[in-house]
Amino acid sequence: SQRPTPADLTPSWPDSPSSDVAGEVARQLALRVRQGIGGHSVRGVADIAGLDEGTLRNVLSGARWPDLRTIALLEEALDTPLWPVRGSR
């Protein structure tokens, strides 16, 4: 069976917290990516990170689980840590 997406694990992605620990990490990560993108375009950030634009849009929408490589590339491109600090969840 297919596992639920991060957006499936919260009533209102990304505005509502998730009761699922992994879903909450994904939600907080997506919020940090949005904040890091700021006024830049999603396409522009994806290009800088060396990612497909669809991959970045899927992370932001909660349609897919981000993998470690995607997170690392986004942290480098945005020059900001994205992984939520334990205890901030």
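I shall describe the overall fold and then turn to one helix and its surroundings. Please keep in mind that this is a predicted model.

The protein contains four helices and zero strands, so that reading along the sequence gives the pattern α-α-α-α. Its C-alpha trace spans about 35 × 30 × 20 Å along the principal axes. How does the radius of gyration agree with that of a compact globule? For 89 residues, such a globule would have a value near 12 Å, and the protein has 12 Å, which agrees. Of these 89 residues, 37% count as buried.

Let us now consider helix 2, which comprises residues 42-49. Which of its residues are buried? They are Val42, Val45, Ala46 and Ala49. These four lie on the same side of helix 2, because they cover an arc of only 100° around the axis. On the other side, Arg43, Asp47 and Ile48 are exposed. The buried residues pack against helix 1, helix 3 and helix 4.

I turn next to the contact with helix 3, residues 53-61. The two helices pack at an angle of about 115°, their axes being 8 Å apart, and their crossing is right-handed. From helix 2, Val42, Arg43, Val45 and Ala46 take part, meeting Glu53, Leu56, Arg57 and Leu60 of helix 3. Of the residues in this contact, five are nonpolar, none is polar and three are charged.

Finally, Gly50 follows helix 2, and its phi is positive, near 75°.

Key
Residues are numbered from 1 along each chain as its sequence is written. This is a predicted model: local features need pLDDT of at least 70, side-chain atom pairs count only at pLDDT 80 or more; totals for chains, interfaces and linings use all residues. Side-chain values use heavy atoms; hydrogens and water are left out. Axes are lines fitted to C-alpha atoms, for helices over the stretch in contact, and angles run from 0 to 180 degrees between N-to-C directions. A crossing is left-handed if the near helix is turned anticlockwise from the far one by less than a right angle, and right-handed if clockwise. Contact means heavy atoms within 4.5 Å. Ala, Val, Leu, Ile, Met, Phe, Trp, Tyr, Cys and Pro count as nonpolar, Asp, Glu, Lys and Arg as charged, and the others, Gly among them, as polar. Buried means under 20% relative accessible area, exposed over 50%, partly exposed in between (1.4 Å probe, protein chains only). The arc is that of the directions from the helix axis to the C-beta atoms. The radius of gyration is taken over C-alpha atoms; the globule rule is 2.2 Å times the number of residues to the power 0.38.
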